[in-house]
Amino acid sequence: MPELPEVEALRDFLSEHLVGHEIVRVLPVAISVLKTYDPPLTVLEGREVTAVHRYGKFLGLETDGGPYFVTHLARAGWLQWKDRLPSGPPRPGRGPLALRVALETGAGFDLTEAGTQKRLAVYVVADPAEVPGVARLGPDPLAGDFDERRLAELLSGERRRLKGALRDQGLIAGVGNAYSDEILHAARMSPFKLAASLTPEETTRLYEALRGTLTEAVERSRGVAAGRLKAEKKSGLRVHGRTGEPCPVCGDTVREVSFSDSSLQYCPTCQTGGKPLADRRLSRLLK
C-alpha cells in the first residue's frame, strides 16, 4: 500500500506534470472506483489543474474554479503516468485499469488496481473535507507543528499496542503497515508495547524514529519517476517484508507475526529483548 512517503513523492511528481495543464477527459473504466456522483466526473473536463495536495495517504487535484479530484490508492492501487496516452478509449474488462485522466497535451495518468479486492477510491468534491477519510485524519507527522509534545498527547491514554496506534489514520495521518514496522524497529520498541506506557525517554525515541524514518523515505523517493516508486520503497525497508533475512543492525533473524489480512515484521534482538512474539495464527495451525 502506498503510504505517506510514496504519496508525497507522487504529489511532487504530479505537481510538476499536471499543474498548469487542462483536463480534457476523465474516463472511468471500473464504476466501483467512483465514491461520489454529484458533481459528476465530467465537471472536471475543461478545467486547469492549479495544485496537487496530499492529505495523509490521499491525493487531491485542485482545479481552477472547480471541484477537487481526490483519490485513495488503497492496498493494491497505483498511479501510472503516461507521456502519451493511447488514442482510443479504454475498454472495460478484467484488467487492472480503473480510471484514466487525459490532458490537452496528450499525456495523462491511469489509476490501476491489482487483485480482486477493489478498494481504490475516487471522489469529486467541492472541499476535500467532504471525503470521510480525509475529514477524520489526525495530524500529519511531518507537519512543522508536529512536535514531541504533540505525539505524547496523542498517545496519552491509548490502551492499544503501538503497532495499531501508529496505523490509525485518525490518530496520525499517513503511516501504514510497512512504515509502522520500520519506525518501531528504528525506535527499538516492540510492536506489542502499549502506547500509553511510554516513558518520556521512549517517547523521544519514538518521535525521532517517526520523523526520521518518514523524512528519509520522502527524500529517497523525491525525484523518482512514478513507475519506480514501489521498487524504491521496497529497497529502503529494513525489516518490513524481510521475514527470515538478517537484521541490518544486529544480524538477528527478522521474525513475523501474521494476522487475518496482514502481517508485521520485527527484530527480536533490537525490539523485544530477544524474545519472539507469539504468532497466534501459527499457534492455531500447530495445535
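Modeller: Let us begin with A74, which at 7% relative accessibility counts as buried; here buried means under 20% relative accessible area, exposed means over 50%, and partly exposed lies in between, with a 1.4 Å probe and protein chains only. This is a predicted model, in which local features need pLDDT of at least 70 and side-chain atom pairs count only at pLDDT 80 or more, whereas totals for chains, interfaces and linings use all residues. Residues are numbered from 1 along each chain as its sequence is written, and side-chain values use heavy atoms, with hydrogens and water left out.

A74 is in the loop between β4 (68-72) and β5 (77-82). Helices (H or I, at least four residues) and strands (E, at least two) are DSSP runs numbered from the N terminus. The phi of A74 is positive, near 55 degrees, although the residue is not glycine. Most residues other than glycine have a negative phi, and most peptide bonds are trans. R188 also has a positive phi without being glycine, with a value near 60 degrees. R188 is placed in the loop between α5 and α6 (200-221), and at 46% relative accessibility it counts as partly exposed. A cis peptide bond runs from D38 to P39, with omega near 5 degrees. P39 belongs to the loop between β1 (22-28) and β2 (47-55).

R47 lies in strand β2 and is partly exposed, at 24% relative accessibility. Although R47 and I23 are 24 residues apart along the chain, their C-alpha atoms are separated by 5.7 Å. A278 and G251 are 27 residues apart in sequence, and their C-alpha atoms are 21 Å apart in space. A278 is located in the loop between α8 (268-271) and α9 (280-286), and it is partly exposed with a relative accessible area of 47%.

Next comes helix α1. With 15 residues (4-18) at 1.5 Å a residue, α1 should span 21 Å, and its end C-alpha atoms are 20 Å apart, which agrees. The expected span is 1.5 Å times one less than the number of residues. Eleven of the 15 residues of α1 are buried, so the helix is largely enclosed by the rest of the structure. Among the buried residues are L4, V7, L10, F13, L14 and L18. After α1 comes G20, with a positive phi near 95 degrees.

Charged residues give a further picture. Side chains of opposite charge can pair when their charged atoms come close. A salt bridge is counted when a side-chain nitrogen of Lys or Arg is within 4 Å of a carboxyl oxygen of Asp or Glu, and by this rule there are 19 salt bridges. One of them joins the side chains of R11 and D12, at 2.6 Å from N to O. R11 is partly exposed, with a relative accessible area of 21%, whereas D12 counts as buried at 18%. Both belong to a network of salt bridges that links E8, R11, D12, R54, D140, E219 and R222.

A second salt bridge pairs D110 with R100, whose closest N and O atoms are 2.7 Å apart. This pair links distant parts of the chain, with D110 in strand β7 and R100 in strand β6, ten residues apart. D110 is buried at 3% relative accessibility, and R100 is buried at 7%. D181 lies in helix α5 (residues 177-187) and K163 in helix α4 (residues 162-167), so the pair ties together parts that are 18 residues apart in sequence. D181 is buried at 1% relative accessibility, and K163 is buried at 7%.

Finally, E22, E48, D64 and E104 form a negative surface patch. Patches are made of residues with over 30% relative accessible area and no salt bridge, with like charges joined within 9 Å and nonpolar side chains (Val, Leu, Ile, Met, Phe, Trp, Tyr) within 5 Å. Within this patch, E104 is in the loop between β6 (97-103) and β7 (108-113) and is partly exposed, with a relative accessible area of 40%.

Terms used
Areas by Shrake-Rupley, 256 points an atom, 1.4 Å probe, with all protein chains shown as cover. Lys, Arg positive; Asp, Glu negative; His and termini not counted. Charge placed at Lys NZ, Arg CZ, Asp CG, Glu CD.
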